[in-house]
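Colleague: I would like to learn how to read a protein model carefully, one feature at a time. Could you take me through this one, giving the general idea before each case?

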Amino acid sequence: MVRLSLTFVAAAFIASSLAAPTRTGGTVTLSFSRANSDPDWSKALSHDKARAHHFTHHSKTNNLAARATSFPSTNEDFSYVSAVKVGSQTFNLIVDTGSSNTWVGAGTKYVKSSTGTNTGKSVSVSYGSGSFSGTEYTDTVSLGTGFAITKQSIGVASSASGFNGVDGIIGFGPEDLTTGTVSGVSQVPTIVQNAYSQGLISSQVLGVYFDPLSGGATTAANGELTLGGVDSTKYTGAITYTPITSTSPANEYWGIDISTITYGSTTVQSSSLPGIVDTGTTLIYLETSVYTAFYSHISGYKYDSNTGLVVIPASSYSTLQNISFTIGGKAFTLTPAQYILPQAQVSAWGGTAGKYYSLIGDLGTGAGLDFILGQKFLENYYSIYDTTNSRVGFATRA
């Protein structure tokens with residue numbers, strides 16, 4: 001049994017060239033890159049809002065055959081993409097912990113190889129303003145030399161919208177997200193489940209590492225996704241685990257509860273909040289009443305329509321306090337330097353140099369999904385997604 005590590009870069013278009021996978025000491029590493037080195041980061045907010053809308057407005061009791069899981073069409077600039085071999089072909093697929101179907105054909109068309117089998121079943125998934133439909137095949141999915149998952153369910157798109165520049169998705173979300181997507185079956189096994197059942201990994205665990213962009217950089221090889229365990233070199237101290245929340249719709253994703261939120265020494269939320277951890281969301285989002293309670297302690301804050309971010313006046317910036325989220329009995333803290341956009345990146349977001357922009361946004365009315373901990377939280381904490389034990393873990397990033 002091995003552990004698979006995928007290394008990826010911050011968002012945006014797929015690479016003009018992707019390095020060949022390497023394997024060292026039982027680990028397979030896939031490199032990620034992107035062709036666009038100057039993305040319009042201001043579009044990240046419209047992507048986040050579309051994604052959040054679908055998280056909060058779809059559930060297993062609401063239109064299973066076309067339920068949204070993630071990745072609207074505005075997503076392409078902010079995706080994580082890997083070269084994945086399916087059968088005899090290599091596809092550039094979005095790596096997504098917020099959805100679970102794996103499919104190809106949005107760009108490069110699938111050609112059945114000797115390992116492929118047409119099941120005759122139809123497959124259809126809606127991703128908000130993007131979607132695909134087609135036929136289910138089973139085929140061999142290779143994530144590196146010697147790491148081949150056989151008879152994996154693959155959607156082969158006959159039509160797809162909202163996925164320009166990529167070939168499809170490789171899904172690392174919970175199996176429940178496949179409910180009703182393939183005709184004639186309740187659910188389909190995910191990449192992680194099949195890798196485990198075939199003895200390729202020893203546990204159904206994902207470890208995710210992000211590293212903040214440095215200075216004014218718009219791209220960097222700043223992440224790693226480990227399949228089958230965790231990478232102990234990427235975090236320090238102990239891992240704190242918390243169970244999947246029982247509250248819907250958050251419990252259909254990697255959903256957890258935050259017991260309290262504090263700003264400095266002031267409690268801004270004292271009752272338990274259900275929400276999700278999502279690698280595909282850029283910012284941190286709080287339900288409107290919590291968002292308002294948080295910012296009520298920051299004098300002069302206002303929403304900036306140019307960037308879609310909250311701008312903090314210079315007079316308040318010097319007195320900003322830490323914000324802490326209590327998860328699994330432990331406080332996970334962000335300093336102002338961690339939740340304020342670095343000055344070197346302000347222009348890339350469409351902001352004005354010298355102004356201070358917060359990376360904590362308004363989710364709207366949550367209704368069972370009251371926060372999203374996105375990349376700007378995950379850049380500071382290593383995260384673990386444990387299917388076997390139905391839990392999420394966090395540790396301080398190394």
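Predicted model: local features only at pLDDT ≥ 70, side-chain atom pairs only at ≥ 80, totals over all residues.

Colleague: Is Thr178 buried or exposed, and where is Thr178 found?

Modeller: Buried means under 20% relative accessible area, exposed means over 50%, and partly exposed lies in between, using a 1.4 Å probe and protein chains only. Thr178 has a relative accessible area of 1%, so it is buried, and it is found in the loop between strand E10 (168-171) and helix H2 (191-197). Helices (H or I, at least four residues) and strands (E, at least two) are DSSP runs, numbered from the N terminus. With contact meaning heavy atoms within 4.5 Å, Thr178 touches Ser100, Asn101, Ser186, Gln187 and Val188, not counting residues up to four places away in sequence.

Colleague: How should I read Pro243: is it buried or exposed?

Modeller: Pro243, whose place is in strand E13 (residues 235-243), has a relative accessible area of 55% and is therefore exposed. Pro243 still touches Gly255, Ile256, Ser390 and Arg391, again not counting residues up to four places away in sequence.

Colleague: Which strands make up the open sheet, and in what order?

Modeller: Two strands pair if DSSP finds at least two bridges between them. The open sheet of four strands has the order E16-E15-E21-E22, with antiparallel pairing, and its edge strands are E16 (266-269) and E22 (330-334), each pairing on one side only. Within this sheet, four bridges join E15 (residues 260-263) to E21 (residues 323-327), and Thr262 stands opposite Ser324 in E21. Helix H3 (residues 288-295) packs on the sheet, touching E15, E16 and E21.

Colleague: Why is strand E24 largely enclosed?

Modeller: Four of the five residues of E24 (residues 360-364) are buried, so the strand is largely enclosed by the rest of the structure. Strand E18 (residues 284-287) runs parallel to E24, and four bridges join them; the bridge partner of Leu286 is Asp362 in E24.

Colleague: How many residues does the largest nonpolar core have?

Modeller: A nonpolar core is a set of buried Ala, Val, Leu, Ile, Met, Phe, Trp, Tyr and Cys residues joined through side-chain atoms within 4.5 Å. The largest one has 61 residues, and those with the most contacts inside it include Phe172, Ile261 and Tyr339. H3 gives the most to this core, with four residues. A second, separate core of 20 residues includes Leu45, Leu309, Val311 and Val346. As for Tyr339, its contacts include Tyr263, Phe294 and Ile360.

Colleague: What does the whole chain look like in numbers, in helices and strands?

Modeller: The chain has six helices and 27 strands, and buried residues make up 56% of its 398 residues.

Methods
Residues numbered from 1 in each chain as written. Heavy atoms only, no water. Axes fitted to C-alpha atoms, helices over the stretch in contact; angles between N-to-C directions.
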